[in-house]
Amino acid sequence: MKHKRLNRDGWGFQYYPYYQMRIDNEIFHGLACLIRLTDGEENYWATPKAGRIQVTGAGMTWLELIPDHTNRVITVKYFPDGTHDAERKAYPSPVNETYQPSIWYVDITDGIEFDEYGIAVYIDKYLDVIFTPEGDIKTDDRDELEEAYQSGELTAEQYHSALKEAELILRDLCSDIPKTNAWCAQIRQIVEDRIAGGEAVKKCREVLEREDKA
């Protein structure tokens, strides 16, 4: 299974502002991470209901949540604050005028680790759940999960736990998407308030090496 850092270095985000913090309150218990996309290409996916979905591009913000006692990483890919794509004709009335999501992408995991720089790392168990404000809901990469199980990379327990986690995600997050939207917006506001209050950027290896060369 692949190990993926929450600063999303594989996407080219290693020089982007990345914040990582623990939250414990009545709204959320777990790890929250935030990436601000300061520039870069706009990339899109296609979905049946929402149409063309923006996933990267300058001004977007990614909020990543790892709730305690789950095997998931929830990534909310937000449009630039206060906006959404005008081409999204079926986009619902915003739950929060400032934080308007383009898409949710939920990775199913086999645990969380931390690298030597304190960056959270999740163990990717292939299966994902994707959904949009317009109501697109998709369980993705089932074929990769099946291949990993058939090859012996995953045990029967890991395989069945991934399927169970997907069912829980569909129940917890996709049965009432506006409610999920509002919950994520509340957590993002907590994160933004902490950043405004002085929460420091979490520096990974690439950033520290770049600073050493400067």
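Colleague: How many aromatic pairs does the structure hold?

Modeller: There are 6 aromatic pairs, and keep in mind that this is a predicted model. One of them joins phenylalanine 79 and tyrosine 91.

Colleague: What makes phenylalanine 79 and tyrosine 91 an aromatic pair, and why is it called edge-to-face?

Modeller: The ring centres are 6.2 Å apart, and the cut-off for a pair is 6.5 Å, so they count. The planes make an angle of 70 degrees; over 60 is edge-to-face, so that's the label.

Colleague: Where in the chain do phenylalanine 79 and tyrosine 91 sit?

Modeller: Both are in the loop between strand 7 (72-78) and strand 8 (101-114), 12 residues apart. Phenylalanine 79 and tyrosine 91 are both buried, too.

Colleague: How do you know that the charged end of arginine 52 sits over the ring of tyrosine 44?

Modeller: The charged end of arginine 52 is 3.8 Å from the ring centre of tyrosine 44, so it passes the distance test of within 6 Å. Arginine 188 does this with tyrosine 78, its charged end 4.9 Å from the ring centre.

Colleague: Why is valine 55 called buried?

Modeller: Its relative accessible area is 1%, and buried means under 20%, so valine 55 qualifies.

Colleague: Where is valine 55, and which residues does it touch?

Modeller: Valine 55 belongs to strand 5 (residues 51-56). Leaving out residues up to four places away in sequence, valine 55 touches Asn43, Tyr44, Trp45, Met60, Trp62, Lys77 and Ile103.

Terms used:
Residues are numbered from 1 along each chain as its sequence is written. This is a predicted model: local features need pLDDT of at least 70, side-chain atom pairs count only at pLDDT 80 or more; totals for chains, interfaces and linings use all residues. Side-chain values use heavy atoms; hydrogens and water are left out. Rings of Phe, Tyr and Trp (its six-membered ring) pair if their centres lie within 6.5 Å; planes under 30 degrees apart count as stacked, over 60 as edge-to-face and the rest as tilted. Helices (H or I, at least four residues) and strands (E, at least two) are DSSP runs, numbered from the N terminus. Buried means under 20% relative accessible area, exposed over 50%, partly exposed in between (1.4 Å probe, protein chains only). A charge sits over a ring if NZ of Lys or CZ of Arg is within 6 Å of the ring centre and within 35 degrees of the ring normal. Contact means heavy atoms within 4.5 Å.
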